[in-house]
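Thanks for asking me to look this over. Here is a colleague's note to read with the structure open beside you.

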Amino acid sequence: MLQQGSREGFNYLYKNYSSVLYGVIYKVVNDEETAQDVLQEAFVKIWNNIAQYDAGKGRIYTWMLNISRNCAIDKLRSRGEIMKSKIQKGEHVVDNLTNSRRTEQQTDTIGLRSMVAGLRPEYHSIVDLAYYKGYTLDEISKVLGVPLGTVKTRMRAAMQQLRQQFSI
Amino acid sequence: MKAEDYISSGLLEAYVLGSLPLQEMEQVAGAMCRFPEVKQEVGAIEALMIQAEEKDAITPPAELEDQIWAAIQNATSTNDTHLGLQHQAVELTAPSIQSPGAEGISSSTPSRTIPLSPSKSVSTNWARAAVWAALVGSVFANIIFWNGKHSDQQQLATLQQKVGQMQGDQEKLVANLRRFQQEAEMTAEPGVQPVPMLSTQPGHAMAATIYWKKSEHTAYVSVQKLPPPPEGMQYQLWAIAGGKPVSIGMLDNAVAINGGIQKVPEAVMDGQAFAVSLEKAGGNASPTADKIFLVGKMPV
């Protein structure tokens, strides 16, 4: 189905994944129109690169989530760069953005974003930077001024906490 | 690193969140292959993320589906060959994401599939275009080469003509030179008497010389200047012995016209003077009186 590039294949993907992908994208870009553009970009990318998906490296769900998230982060960065240079510079931007995000998210749904917001602050900033801003562990370490090892430990602890929240 | 080390490292979480550099991504992917428990842990983290994300799912506007499909079609048509290959490759990896129902859909509607043939026809179109381009290029090259060859041939013909002319000129020069050399040699040869014959016709510059080797009764005639003989006429050579002209043979017309040296055909036994007259071709028994053009006396 997918290999034949058929409309049915697309329908299947779209029906099962579009709302989750759209949700992730929306959380990153925070704008409906932009989110729709990004969802289109993401689907075209997924469709064109599906041959590169390697089942040994994870679920296709995660693979598609990451593509969508990266598309959204790219969009955000292309704008954020302009904002950064105009208004502020340096790592304070990240903290400020993070804080402003956190307050916005107070009214959000009870999904990952809100759960992340409910994390301990040191966990929260790491997951937020990694997942919603596309920072690598190295970059997070530099931006937060925390050793790389600590970033990794906190990452693990954050996910453990999330896991517990879910199992409750 | 052991499996537990990976699990407790925080790398797996970062892996699922997509926040690892490529090198570490590959490292984790490798660990997933080697340690089932690592793969399981990654699966658990993925499940957690998916679970969380599904709570945040937002249904996009209904019209977006067709719009995105159109965008995919657009991207596909501009990238046909590329996709053709990809679609082939997907056969190997896609089964993991196919549901049985989806298979039913695809097998029941084979007519809706996009086969590889579009990319094939694109490639044959390219091949056709390439063949035409090559052909047109070849024709142009041929025209250029043919033109070049043609002008080369023209140049060659011109050169050949020039060379032929020069050869002719050279032959004339060589002939003239040989004549002068022969004359010089005959003049220098002991026992050869040169007898210059001069024009008897006032106002007409004419001249020839007889070289007579009396001891051997042989003679040569060298023409310096004579008018070309009219059609059917020929110059006749005479030796005047005891006041009577004796024919010593005819002058070749070629020598008469071009100048040059010729052996006197008859033996010259005796003579006090020599003369040249214009006679009918083949000669006469006695010279026509008013057609004696040249006369030269033996020096005493």
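The points below go through confidence, then helices, then the sheet, then a few single residues.

1. Please keep in mind that this is a predicted model. The scores for the model are ipTM 0.71 and pTM 0.45. For chain B the average pLDDT is 81, and 84% of its residues reach at least 70.

2. Let's turn to helix α3 of chain B, residues 22-34. Its 13 residues should span 18 Å at 1.5 Å a residue, and the end C-alpha atoms are 19 Å apart, which agrees. Val28(B), Ala31(B) and Met32(B) are the buried residues of α3(B). Because these buried residues fall within an arc of 105° when seen down the axis, they line one face of α3(B).

3. What lies around that helix? The cover over the buried residues of α3(B) includes α1 (3-9), α2 (11-16) and α4 of chain B. Leu22(B), Gln23(B), Glu26(B), Cys33(B) and Arg34(B), on the other side of α3(B), are exposed.

4. Helix α4 of chain B, residues 36-55, can be checked in a similar way. Buried in α4(B) are Val38(B), Glu41(B), Val42(B), Ile45(B), Leu48(B), Met49(B), Ala52(B) and Glu53(B). Those residues cover an arc of only 130° around the axis, so they sit on the same side of α4(B). Do notice that the buried set includes two glutamates, Glu41(B) and Glu53(B).

5. Next comes the sheet of chain B. Eight strands form an open sheet in the order β5-β4-β7-β8-β1-β2-β3-β6, with antiparallel pairing. The edges are β5 (244-250) and β6 (260-263) of chain B, each of which pairs on one side only. On average, and ignoring direction, neighbouring strands of this sheet are turned by 25° against each other. As a reminder, strands of a sheet pair through backbone hydrogen bonds, either parallel or antiparallel.

6. Within that sheet, look at β2(B) and β3(B). These two strands run antiparallel and are joined by seven bridges. Ile210(B) stands opposite Val221(B), which is in β3(B). His217(B) lies in the loop between β2 (207-213) and β3 (218-225) of chain B. The phi of His217(B) is positive, near 60°, although this residue is not a glycine. Is His217(B) buried, exposed or partly exposed? His217(B) counts as partly exposed, because it has 13 C-beta neighbours inside 10 Å.

7. Chain A has a residue with a positive phi too. Asn30(A), which is not a glycine, has a positive phi of about 60°. Asn30(A) is placed in the loop between α1 (7-29) and α2 (32-49) of chain A. Since 14 other C-beta atoms lie within 10 Å, Asn30(A) is partly exposed.

8. Finally, have a look at Val127(A), in helix α6 (residues 121-133) of chain A. Val127(A) counts as buried because it has 26 C-beta neighbours inside 10 Å. Leaving aside residues up to four places away in sequence, Val127(A) touches Val116(A), Leu119(A) and Ala158(A). Val127(A) and Arg154(A) are 27 residues apart along the chain, and their C-alpha atoms are separated by 9.0 Å.

Methods
Residues numbered from 1 in each chain as written. Chains lettered and ligands numbered in written order. Predicted model: local features only at pLDDT ≥ 70, side-chain atom pairs only at ≥ 80, totals over all residues. Buried ≥ 20, exposed ≤ 12 C-beta atoms within 10 Å, placed from the backbone. Helix = DSSP H or I, 4+ residues; strand = E, 2+ residues; numbered from the N terminus. Arc of directions from axis to C-beta. pLDDT = per-residue confidence, 0-100. Contact = placed C-beta atoms within 7 Å. Pairing = 2+ DSSP bridges. Axes fitted to C-alpha atoms, helices over the stretch in contact; angles between N-to-C directions. Expected span 1.5 Å × (residues − 1).
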